[in-house]
2 protein chains.
Amino acid sequence: MRLAPLLLALAVTAPAFAASRETRIPDTSLATAAQLREQALADRTGWNVVESLTTEVGPRLAGSEADAKAVAWAQAKFKALGFDKVWIEPVTFPKWVRRSERAAVLGGHAQPLTVTALGGSPKGTVEAEIVRFADLAALEAAPAGSLAGKIAFVDYQMTSARDGSDYRNGGAIRSKGPSAAIRKGAIAFLMRSAGTDNHRVAHTGITRFDEGLTPVPSASLTIPDADQLARLLQRGPVRVSLALDCGWDGEYTSHNVIGEITGRSLPKEVVVIGGHLDSWDLGTGAIDDGAGIAITMAAGHLIGQLKQAPKRTIRVLAFANEEQGLYGGKAYAEKHLADITRHQIGAESDFGAGRIYAFNTGAPDHARKATEQIAQALAPLGIEYAPGKGSAGPDISPFAAKGMAWAWLAQDGSDYFDLHHNADDTLDKIDPAALAQNVAAYAVFAYLAADAEGDFGSQLKETAATE
Amino acid sequence: MRLAPLLLALAVTAPAFAASRETRIPDTSLATAAQLREQALADRTGWNVVESLTTEVGPRLAGSEADAKAVAWAQAKFKALGFDKVWIEPVTFPKWVRRSERAAVLGGHAQPLTVTALGGSPKGTVEAEIVRFADLAALEAAPAGSLAGKIAFVDYQMTSARDGSDYRNGGAIRSKGPSAAIRKGAIAFLMRSAGTDNHRVAHTGITRFDEGLTPVPSASLTIPDADQLARLLQRGPVRVSLALDCGWDGEYTSHNVIGEITGRSLPKEVVVIGGHLDSWDLGTGAIDDGAGIAITMAAGHLIGQLKQAPKRTIRVLAFANEEQGLYGGKAYAEKHLADITRHQIGAESDFGAGRIYAFNTGAPDHARKATEQIAQALAPLGIEYAPGKGSAGPDISPFAAKGMAWAWLAQDGSDYFDLHHNADDTLDKIDPAALAQNVAAYAVFAYLAADAEGDFGSQLKETAATE
């Protein structure tokens, strides 16, 4: 998941041409979807896909050797799952590499600290006193120059929630903390991991340095290590050594990998579902975002197994390098901009593998009925209709910002930030039954959207936000 | 906790001179113990002690710089807690050091593996195919020479239990697996951690190489990494690289640290309670065994705060280097052998910080009544009397083997092997209320044993086992 998707609340405004005819889903389609739903719940494809990706490729940092392996894996998997068309589209981005990372408390209480570099951090070795801040606002309120020669330490503890809402704080510290620290004179940046676990696994994730600033080594501490620093600070000044070997290293071209189940009567119109293929390097990218790849590949596969394909094409997207800046999503939006109205609606799965509990679309009035019909078909899966709520997933958000209609299938993320961006993001954390429920939901949604009579309002916005 | 304390079932045989007079605890002592119990439940000393040790010293591998700091810390803490006498006794042992450790899957599924060297492992770098065994028996049953040039991988998954009983299997793999592997020709040894968690933290612990064998690099994998290897092996042969930099490095002299609350009428007779001061280096040694140090120091302190001291002396022992071979316990037994009958009874806390649920002593018939009386005083803490069960704790076991009477205060170890010997053994894993219950139990037990009229049967055995 990218930095702050939950903050996005893109309202797709009702297009000026809003059809007088209401978008509706035929009864026969609803009957097929009910069968598809039950079939998906009993199917193992989703599990098999995520098992395959996380085992055979494992961690797949954008730009690493495993990135290329993941692209080849996705092409082969789409083909093996019977997709009618499989292709790749190039995505170019700067490559960041992690080589080593170490930290320790110095002095009378000398002891090692477990840290991980934030993505985008430069390399560097420093030894300095740390200055603790309870949150980002406290750091931003520090007097100019007050951190000269020191290490800023932001010690905010995220709380868990079904919707992961406290990531707005944890994620903001990661993205904005280093620049704020530099502005106060700091020579390095440390943060309590943006996480909700209590294990010795630090949470990484991309950070950015504001233009005009000289980047400083920036890392996160595990939550027990942050606790330890906070306790040591109660006893007096604490000096810390931090040694990061990491940094930007040229450009790399990866690929979005795309598979399609061809529609029977409107094959050039597509319903897009997907996830991102890259992961951070510390775990094996099971919940972020092997699960999303598996859920949407399996949903497409199951739709492809139906006796009769839906009217429109099901396009499953495996996006490149979401983690470091939505590169795959942006590339897709740019490449397919002219075809935006051919995109019936899109949804991305990128919030783990917990059960889906809510559904909505950003559709305008003329397609409200169809949204309600899909919600009704999802209800037996324990999914409630949540009108007025939701947003586009990270990698479809650049295209949604241009005007593509989006759907929101909200996963239970109560334990998501226990695992997000850390070494514990491994296959064993996925519940196969919850994964199957996700597959069922995506299959039902995608099938019904593809079989709808009428559209969900995708239309190029005149003055679209560029994210 | 040492390798296999649960296997120990030392029966202190009834001494030939078994007193005709029954050992009993006076009613006034029982009344005082009831007050002590309630006071201990409301007291924060235990928490403060473990917070201090794990924060100020942190990890304290035997022989490391932190070992000396821990000894100084314990002396200062005993004094601060009002112990009447505080002293140290030297304990010498070979020093083992861990410098670095790395492992990776090679080939088409190349990816890093998270491992930790087993204590006692030599350094070494190997690249070879792994051969998986479901358990130690399977490895031992492999044909001679069948592992020539290969890495043995024992993939046994421990299950959790209140009494930690499956450690008999997990621990035996760690202690005997490397030698068994060498006998089959293996050039390195890997094992699934002897643990019950599902995090990317590997469990270390001491291993031994049988005489006449040339030691090979030996390490444990985290449980998710072991899962990963098992899945990869289902796809075909797996080559792994393992690079350990660690090994034995001369001798080191640490110290047992001892604090006493002097008895009022039989000051030379002692009730001993304690834990071990050393820890593994990966965590901060909170449950293994900061908790045991804290529980017994706090219990001694609370007894010392009573208006009237018990008849006998309370001796609290902070043992040196338990982890690598009970060095502190053996040194104590050797040094104090002539005084064994002055040791009323002993108990060690070294199974975490879970609530105590059962109590027993190894006392002979003439002291059965006193055991029952103590059990009755412990009952309000939710502790049941468990006649016929239990054994001496690890560091008192060498002395118990010589004939010292022992008591058993059984802790709930359901989550112990989630944390044991790994990086997650940190302060946040301790429940302050459970810790206070432990302090209350040790205070009640030690006070009543020290105030008993009569003994619990300590007597030098003619042909004592030497452990």
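Asn321(B) is buried, with a relative accessible area of 0%; here buried means under 20% relative accessible area, exposed over 50% and partly exposed in between, for a 1.4 Å probe and protein chains only. This is a predicted model, in which local features need pLDDT of at least 70 and side-chain atom pairs count only at pLDDT 80 or more, while totals for chains, interfaces and linings use all residues. Residues are numbered from 1 along each chain as its sequence is written, chains are lettered from A and ligands numbered from 1 in the order in which they are written, and side-chain values use heavy atoms, with hydrogens and water left out.

Asn321(B) sits in the loop between strand E10 (312-319) and helix H8 (327-335) of chain B, where helices (H or I, at least four residues) and strands (E, at least two) are DSSP runs numbered from the N terminus. The phi angle of Asn321(B) is near 30°, a positive value in a residue other than glycine. In chain A, the loop between strand E10 (312-319) and helix H8 (327-335) holds Leu326(A). Leu326(A), although not a glycine, has a positive phi of about 55°, and Leu326(A) is buried with a relative accessible area of 3%.

Next come the cis peptide bonds. One joins Asp288(A) and Asp289(A), with omega about 10°, and Asp289(A) belongs to helix H7 (residues 286-304) of chain A. In chain B, a cis peptide bond links Asp288(B) and Asp289(B), with omega about 5°; Asp289(B) is part of helix H7 (residues 286-304) of chain B.

Asp289(B) is also among the residues in contact with Glu348(B) when neighbours within four places in sequence are left aside, contact meaning heavy atoms within 4.5 Å. Others in that list include Gly274(B), His276(B), Phe319(B), Ile396(B) and Tyr442(B). Glu348(B) itself lies in strand E11 (residues 343-348) of chain B and is buried, with a relative accessible area of 8%. A polar atom of the Glu348(B) side chain lies 3.5 Å from the backbone nitrogen of Ile396(B).

How do the two chains relate? Chain B can be laid on chain A with an RMSD of 0.0 Å by a turn of 180° and a shift of 0.0 Å along the axis, which is the relation of a two-fold axis. The superposition is by least squares on the C-alpha atoms of residues with pLDDT of at least 70 in both copies. Of the interface residues of chain B, 100% are also interface residues in chain A, so the copies meet through the same surface.

Methods. A polar contact is a pair of N or O atoms within 3.5 Å; within protein, one must be able to donate a hydrogen and the other to accept it, and residues adjacent in sequence count only if both atoms are side-chain atoms.
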